[in-house]
Amino acid sequence: MILNQEDTVLLVIDIQEKLINATFNKEIIEAKSKILANVANILKIPTILTEQYPKGLGNTIRAIKSALNEYEVFEKTDFNALTDNKLVEYLERLKCKQVVVIGIETHICVHQTVDALLKKGYEVAVVLDACGSRKDYEHNYALNYMKNSGAKIKTTEMAVFELLKTAKHPNFKEIQGYVK
């Protein structure tokens, strides 16, 4: 599965203030999720943010929100974001077949949401360096599990350059600055 700009949505799962501070790879998640948010913004890729109990865990980190001009936020308490009918309806209205997923925690909310997306027939790309868990082995096992379930595991740069397709893309120079 190669990502297509016109057929992709970015789903940011629970990259929130208190959750990111508990991950083993905080700096990498923050840097890579910011790159993907900037790229989504430049390419006008619809972006959905989920927030797990924001009253207690805080909101989506500033690095992501400040990179985006437009996004939809869905608060949740279920680990699987697709149990929210409003989110599912919004996703269906977008008419995108491909979902790029980043988030916290890889082995809980990301994994359960990816499983639900696959069951609904979406092509799912999980960006491994923009996801995290408290423990690295939980993160790594979940990535392997999702791969075996049918999700495609990609790095940030893989996703970015698949969306661009060519150095002749009108936004190539602007986006190249984020991945150098």
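Colleague: At what angle do helix α2 and α8 pack, and how far apart are their axes?

Modeller: A caution to begin with: this is a predicted model. Helix α2, residues 26-42, packs against α8 at an angle of about 10°. The axes lie 10 Å apart. Angles under 35 degrees count as roughly parallel, so α2 is roughly parallel to α8.

Colleague: Which residues make that contact?

Modeller: From α2, take Lys32, Ile35, Leu36 and Val39. From α8, take Thr156, Ala159, Val160 and Leu163. Sorted by class, the contact of α2 with α8 has six nonpolar residues, one polar and one charged.

Colleague: Now α8 and α9. Are they roughly parallel or antiparallel?

Modeller: Read the angle again. The two axes cross at roughly 175° and come within 11 Å. Anything over 145 counts as roughly antiparallel, so α8 is roughly antiparallel to α9.

Colleague: Which residues in α8 and α9 meet?

Modeller: Glu157, Val160, Phe161 and Leu164 are the α8 side. Phe172, Ile175 and Val179 are the α9 side. The contact of α8 with α9 has six nonpolar residues, no polar ones and one charged.

Colleague: What sits in the loop between α8 and α9?

Modeller: His169 is found there, between α8 (156-164) and α9 (172-179).

Colleague: Is His169 buried or exposed?

Modeller: Compare its accessibility with the cut-off. Buried means under 20%. His169 has 13% relative accessibility, so it counts as buried.

Colleague: What does the side chain of His169 make a polar contact with?

Modeller: The side chain of Gln5, at 2.8 Å. Leaving aside neighbours within four places in sequence, His169 is in contact with Gln5, Leu43, Leu163 and Leu164.

Colleague: How many aromatic pairs does a search of the whole structure find?

Modeller: Three. One of them joins Phe74 and Tyr90. Their ring centres are 5.9 Å apart and the planes sit at 45°, so this pair is tilted. The pair links distant parts of the chain, 16 residues apart. Phe74 is in strand β3 (residues 72-76), and Tyr90 is in helix α5 (residues 85-94). Both Phe74 and Tyr90 are buried.

Colleague: And how are the rings of Tyr141 and Tyr145 placed?

Modeller: Their centres are 6.5 Å apart and their planes are at 40°, so that pair is tilted. Tyr141 and Tyr145 are four residues apart in helix α7 (residues 136-149), so about one helical turn separates them.

Colleague: Do Tyr141 and Tyr145 count as buried, partly exposed or exposed?

Modeller: Take them in turn. Tyr141 has 56% relative accessibility, so it counts as exposed. Tyr145 has 37%, so it counts as partly exposed.

How values were computed: Residues are numbered from 1 along each chain as its sequence is written. This is a predicted model: local features need pLDDT of at least 70, side-chain atom pairs count only at pLDDT 80 or more; totals for chains, interfaces and linings use all residues. Side-chain values use heavy atoms; hydrogens and water are left out. Helices (H or I, at least four residues) and strands (E, at least two) are DSSP runs, numbered from the N terminus. Buried means under 20% relative accessible area, exposed over 50%, partly exposed in between (1.4 Å probe, protein chains only). A polar contact is a pair of N or O atoms within 3.5 Å; within protein, one must be able to donate a hydrogen and the other to accept it, and residues adjacent in sequence count only if both atoms are side-chain atoms. Contact means heavy atoms within 4.5 Å. Axes are lines fitted to C-alpha atoms, for helices over the stretch in contact, and angles run from 0 to 180 degrees between N-to-C directions. Angles under 35 degrees count as roughly parallel, over 145 as roughly antiparallel, 65 to 115 as roughly perpendicular and the rest as oblique. Ala, Val, Leu, Ile, Met, Phe, Trp, Tyr, Cys and Pro count as nonpolar, Asp, Glu, Lys and Arg as charged, and the others, Gly among them, as polar. Rings of Phe, Tyr and Trp (its six-membered ring) pair if their centres lie within 6.5 Å; planes under 30 degrees apart count as stacked, over 60 as edge-to-face and the rest as tilted.
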